[in-house]
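Me: Hey, can you walk me through this protein model? I'd like to know what sits where.

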Amino acid sequence: MTLDLSRILNPRGIAVVGVSGDPTRIGGQALKLLTDFGFQGRIYPVNPKYPEVGGLTCYPDLGAVPKPCDLALIALAAPQVAGAIEQAGRAGIPFALVLAGGFSEVGEKGKALQAGLIEAARKANVRMVGPNCLGILNLKDNARIGFGGTAHLKTLKPGPMAMVTQSGGFGFGVMATAAYFGVGCNYAISSGNEADLTLLDWVADLIERPEVGFVVAFMEGINDGRRLIELGERALELGKPILAWKVGNTDVGSRAATSHSARMTAGYELYRAAFKRGGLVEIRDVDDLIDVAKAFLIGKLPAGNRVGVLTLSGGAGVLLADRCIEEGLQLPGLSEATTKKLRETLVDFASVGNPVDATAHGYNDNFAAYGEAVRLVLADPNIDQVVARIPRGKSARPWSENLVKLVRSTGKPVIFNWPTAPDDNGDVLEYLESNGVPCILGAGRAVHALAALTEFARKREEYRTRDKRPLERVIARQALDLPPGSVTLGEHRSKQHLNRYGVPVVGEVLLQPPEIEALESPLLSFPVAVKIESPDIPHKTEVGAVRLGIQDLPGLKQAAREIVAAARAHKPGARIEGILVQEMAAGLEVIVGAVNDSTFGPTVAFGLGGIYTELLKDVTHRFAPFDAATARGMIAEIKGAALLNGYRGRPPLDVAALADALARVSLLIADHADRIAEIDVNPLFVREQGVLAADALFVLKDSTQSRKGAKKT
């Protein structure tokens, strides 16, 4: 259930604990923000040192504060905070906002303080924001609760944006920048260390509010990836995007992993997979936020990805067209009727294709013909949305007034690329944006914003028409005989577990070295592969413990001797469980991996196998469990999908069998998430008929291991 955080956002009364009469101190800033910006609730300063502060009665402790008081704003040093929380609980104050740093972000001593703070809040039945945060800005109701230079700015303005940021200083600065460029914000929350209330708690609350049109989430990390995915689904249901801004993404390559699968799912990749799935729109910088926000503030979603481009400059039209194609948008030909009318409207040397170049002749008729061209292209049945360049000069203002009427009369979104400096015809820019017509600097930026709008519309339509039936399992949950503890299984045992879930594996036998020496006839048809079976040597090829294409019995015996020697030379104490003799297999090599991620839970990765896995990084991800239909979409996403469908005259491969195998691996990792940490199927051969797993690796974890959050503090 979503927690109602209304009494934090707009409290009936706020107790400022640790208040100061010095406006330069945090306790003084907090009081000044409430009094100077017109907070409508009651303000209760709390400090036993003063009888009054700023003309307000000052109370010795929270127990003396009159009711109703919904929020304790705590501006005390870290060691004193837990005691204040306990007081709040006894006084019946349900929420606390802790400004102080010095908790988990500063080392072991701070972590101990934060643990005590969490325990105090739990016992007191007080829900808490922070610690180590700047506070909350509710610009809609004039409740500026916290401290910091940005919070004192008079240029901040309310609007349909809501922001939750794990970096208060940076996030509040972004909000101020957005306000400068015309994007107002009703609520901004600095979540700090998230000892209690998290970024996801706030997103869940804010997305439901009618005064919020979209939510911005600035995150270093979260502790519940599945909840993020659920919020993305809710965003689609409500038609309100969550602009997801993930930072701290570039150190993931240093993660140590036993399997290829873990290296394929090393953090940021899973965030991106979550963003692609629901109503989460990834943004990467401040201008990105502003542009995409402006696009969504139009309040209209396109029916498709077909774009009409109009300019007064041929070069601008070419640039806009290039960016549209790069962003996955289409520039279809205009209908014959539209083309005919455009020829009648524009000068003879104008281009009436798509893009439409009305040429600089527009200056000769005060852009009347250009305005008519915009109307004609908007009305064209082949066009879902329009991106156009704004004219400049003395006629731009009356032209823009007619444009506003046109835009209001259509259900199709229109974005305009501003062609000059913001202060050149600045009154026109201000007029258009105040009337819901976004103007974006830079052709690429304008198209990127349009693409974000288009992708959200596509995902929302897909969500509306998606079959909401429960997952149909292709196989019931299978019991697996997994040894206790955190261990790595050998290839033979790993493939046995894989085969229990219906994933085909190559034929093989596990023999001891003396058994191979005693063989008088082959147990499998030649040629065969010979591998060491050791849970202590997960990457056998890299240490010379694999021989392929063995053609006869003497060659088999010699290969067995060589790989045992190679294994002992690499790791003298390695457990050698035998020699694996298996049929040779062929086909297109792919890799199927699964990881029980600490943030997102069971996840499946798929990509081309062999050297392509890490060289090309052509990998896609899904969250387990899923069905074969989802797996087909997964397969289609990789750049190498053409190799599966029959490339340059080669026969198509069995994509249906591959999708079935992916779905089965997803069930396997989901069913046994309490024990399986990683699954590596590499290679899985995809053939004209069926698939075959030639190698597999299972990494187990202790069943008592707990999932840890990914939030950086």
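This is a predicted model: local features need pLDDT of at least 70, side-chain atom pairs count only at pLDDT 80 or more; totals for chains, interfaces and linings use all residues.

Me: Okay. Which residues touch the most other members of the largest nonpolar core?
Reply: Those are I8, L97, M161, W202, L228 and L289, in a core of 92 residues. A nonpolar core here is a set of buried Ala, Val, Leu, Ile, Met, Phe, Trp, Tyr and Cys residues joined through side-chain atoms within 4.5 Å. Buried means under 20% relative accessible area, exposed over 50%, and partly exposed in between, with a 1.4 Å probe and protein chains only.

Me: What is W202 in contact with?
Reply: Leaving aside neighbours within four places in sequence, W202 is in contact with L5, I8, L9, V129, I136, V164, I189 and L197. Contact means heavy atoms within 4.5 Å. There is also a second, separate core of 42 residues, and L489, A657, V665 and I669 are among them.

Me: New topic, rings. How many aromatic pairs are there?
Reply: The count comes to 12. Rings of Phe, Tyr and Trp (its six-membered ring) pair if their centres lie within 6.5 Å; planes under 30 degrees apart count as stacked, over 60 as edge-to-face and the rest as tilted. One of the pairs is Y271 with F600, which is edge-to-face at 5.0 Å centre to centre, with 90 degrees between the planes.

Me: Where in the chain are Y271 and F600?
Reply: In distant parts, 329 residues apart: Y271 is in helix α9 (residues 268-277), and F600 is in the loop between β24 (588-597) and β25 (601-608). Helices (H or I, at least four residues) and strands (E, at least two) are DSSP runs, numbered from the N terminus.

Me: Is Y271 buried or exposed?
Reply: Buried, because its relative accessible area is 5%. F600 counts as buried too, at 1%. Another edge-to-face pair is F296 with F456, at 5.4 Å centre to centre and 90 degrees between the planes. That pair joins helix α10 (residues 286-297) and helix α16 (residues 443-465), with F296 and F456 160 residues apart.

Me: Which residues form one aromatic cluster?
Reply: Y271, F275, F600 and F623.

Me: And which charged end sits over the ring of F37?
Reply: That of R144, 3.9 Å from the ring centre. R397 has its charged end over the ring of Y431, 4.3 Å from the centre. The rule is that NZ of Lys or CZ of Arg is within 6 Å of the ring centre and within 35 degrees of the ring normal.

Me: On to sheets. What order do the strands have in the open sheet of 4 strands?
Reply: The order is β20-β23-β21-β22, with antiparallel pairing. Two strands pair if DSSP finds at least two bridges between them. β20 (508-511) and β22 (546-550) are at the edges with a single partner strand each, so one side of each is left without a neighbour in the sheet.

Me: What lies across β21, β22 and β23?
Reply: Helix α19 (residues 553-570), running at about 30 degrees to β21. Helix α17 (residues 491-500) lies across β20, β21 and β23, at about 50 degrees to β23. Axes are lines fitted to C-alpha atoms, for helices over the stretch in contact, and angles run from 0 to 180 degrees between N-to-C directions.

Me: How many strands are in the sheet with parallel pairing that includes β1?
Reply: That open sheet has 5 strands, in the order β2-β1-β5-β6-β7. The edge strands are β2 (42-46) and β7 (127-129), each pairing on one side only.

Me: Last one: why is β15 largely enclosed?
Reply: Because 5 of the 5 residues of β15 (residues 307-311) are buried. V307, V309 and T311 point one way, while G308 and L310 point the other way. β15 runs parallel to strand β17 (residues 385-389), joined by 4 bridges, and L310 has A388 as its bridge partner in β17.

Technical notes:
Residues are numbered from 1 along each chain as its sequence is written. Side-chain values use heavy atoms; hydrogens and water are left out.
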